[in-house]
Amino acid sequence: MESTYQVWQASWNATESRLEKLAKRAAKLGMTITWSLGAWTPAVVGYERDVDGMIAIPKVPIYANQATATLTGETPKLPGGWTLVGVIELLEGNVLLRNVPGETMPVLYRDAARATLCEHCNAKRNRTATFVVRDEAGAHKQVGRQCLADFLGHVDPHALIAGAELLLDLNDCMSSAGEWDEEGGGSRERRLWATSRVAAISAACVRVDGWCSRKNAEIYEKRATAENVIEVLMPPKFSYRTEADREFLEAHEVTDADTAEAETAIEWGKALEGVTDYEYNLSVVCRAEYIEFKHVGILASLISAYQRHMGQQRKRAAETSTFQGEVGKRAVYTLKVEHTQDFESNYGLRVMNRMRDEHGNLFVWWSSGERLEVGNTYTGKATVKAHEEYKGRKQTTLTRFKAACVAGKVWDDALSGLMEVGSEAAA
Ligand SMILES: [Zn+2]
């Protein structure tokens with residue numbers, strides 16, 4: 001006997017321990033059972049479903065690792081050259097066919113009307129199981145359990161039935177290893193996802209909610225992008241979905257633009273040189289066609305890494321800052337704060353406030369403690385102290401900036417909308 005089965009990696013451990021038990025049972029009956037396994041390869045287990053629980057259009061496959069398992073065994077020959085093919089069972093009036101490994105049951109045995117027939121005694125009885133055997137010429141015969149020993153010519157009925165049961169159990173065991181069990185073996189740890197799909201979902205999530213790392217999610221009590229990606233990848237089962245779940249899924253639906261952005265980002269990721277460990281890992285994940293659950297997190301970060309990279313490139317390309325005003329002259333400036341940074345010096349705390357005017361020209365004002373609010377816009381008089389270049393960018397350094405906040409995303413009522421900024425850092 002040699003028979004092959006397609007089995008899922010998800011349930012293989014459980015299958016193998018069942019096989020070990022069956023092999024022990026076989027040994028007691030004088031049978032030898034062995035098995036071997038081919039290479040794991042991604043195969044489609046199902047399709048993603050949309051908010052209504054229907055298979056999404058276009059169909060998005062879900063993958064898992066599958067391999068070909070080969071079952072080999074030496075089974076005792078039945079007397080008279082007969083081979084056991086399988087057993088016919090009745091389940092609520094319908095025929096259930098249980099095959100011996102490697103055998104197929106002729107279609108006529110699916111007929112419930114003849115399921116309890118015995119071709120040995122030609123009687124229909126209320127049986128739970130009827131055996132199907134095949135002779136060397138390929139002719140099939142259906143024999144009731146009670147008649148089997150008699151039909152084959154006085155063999156030990158108990159050993160015969162035990163051997164038959166074992167073969168049927170072996171086939172059941174291997175067949176069920178080929179069925180995808182969504183509840184048990186189908187857990188997310190055992191699935192594979194197309195890299196392009198996870199990246200596209202990440203793009204949708206970043207587009208809708210902005211990027212949030214797992215670390216920042218903890219600090220700011222927000223949802224991490226990776227969590228949202230997982231939610232879209234593996235939404236609750238349709239019947240358990242709340243209104244909020246459906247709204248979430250609808251809001252995070254992947255668009256063609258997301259898919260296109262993901263493709264470009266993957267190409268960028270593949271080419272990363274891997275200066276840091278993070279970059280190295282990201283490039284490895286981008287080069288894989290399918291990823292495991294544990295890699296969803298790093299792939300979820302691809303889009304934001306790519307966008308940051310593109311942003312830097314755009315910034316470099318768009319850097320048009322020129323020197324403003326005349327050194328030593330005082331004038332009115334309206335500036336939006338881009339960045340602030342504290343520096344400890346011999347003179348105490350100095351704060352570097354970096355700002356831009358509406359044309360993108362860079363300004364820097366060093367204060368002794370006053371920190372302007374990033375994102376707010378201030379208008380006021382300042383004296384140009386110097387025209388300097390920093391990292392290849394032209395910046396106008398200001399002094400004595402007396403300004404009031406005129407627009408801001410963060411309003412502080414205590415400041416009543418007007419903040420006088422006064423003292424300056426020691427030069
Ligand atoms: Zn009979």
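**View 1. The exposed side of helix H8.** In this predicted model, Asp-256, Ala-257, Ala-260 and Glu-267 of H8 are exposed.

**View 2. The buried side of helix H8.** Here we've got Asp-258, Glu-261, Ala-262, Ala-265, Ile-266 and Gly-269, which are buried. Around the helix axis they cover an arc of only 140 degrees, so they end up on the same side of H8. As for length, H8 takes in 15 residues, 256–270, and at 1.5 Å a residue it should span 21 Å; the C-alpha atoms at its ends are 21 Å apart, which agrees.

**View 3. The open sheet of four strands.** The strands line up in the order S6-S5-S7-S8, with antiparallel pairing. At the edges stand S6 (94–99) and S8 (140–144); each has a single partner strand, so one side of each has no neighbour in the sheet. Ignoring direction, neighbouring strands here are turned by 30 degrees against each other on average.

**View 4. Where S5 meets S7.** Strand S5 (residues 83–91) and strand S7 (residues 129–134) run antiparallel, joined by six bridges. Look for Glu-89, which stands opposite Ala-129 in S7.

**View 5. Stepping back to the protein chain.** The chain has 11 helices and 15 strands. Its radius of gyration is 36 Å, well over the 22 Å the globule rule gives for 427 residues, so the chain is more spread out than a compact globule. Along the principal axes, its C-alpha atoms fill a box of roughly 120 × 40 × 35 Å. Buried residues make up 28% of the 427.

Conventions: Residues numbered from 1 in each chain as written. Predicted model: local features only at pLDDT ≥ 70, side-chain atom pairs only at ≥ 80, totals over all residues. Helix = DSSP H or I, 4+ residues; strand = E, 2+ residues; numbered from the N terminus. Expected span 1.5 Å × (residues − 1). Buried ≥ 20, exposed ≤ 12 C-beta atoms within 10 Å, placed from the backbone. Arc of directions from axis to C-beta. Rg over C-alpha atoms; globule rule 2.2 N^0.38 Å. Pairing = 2+ DSSP bridges. Axes fitted to C-alpha atoms, helices over the stretch in contact; angles between N-to-C directions.
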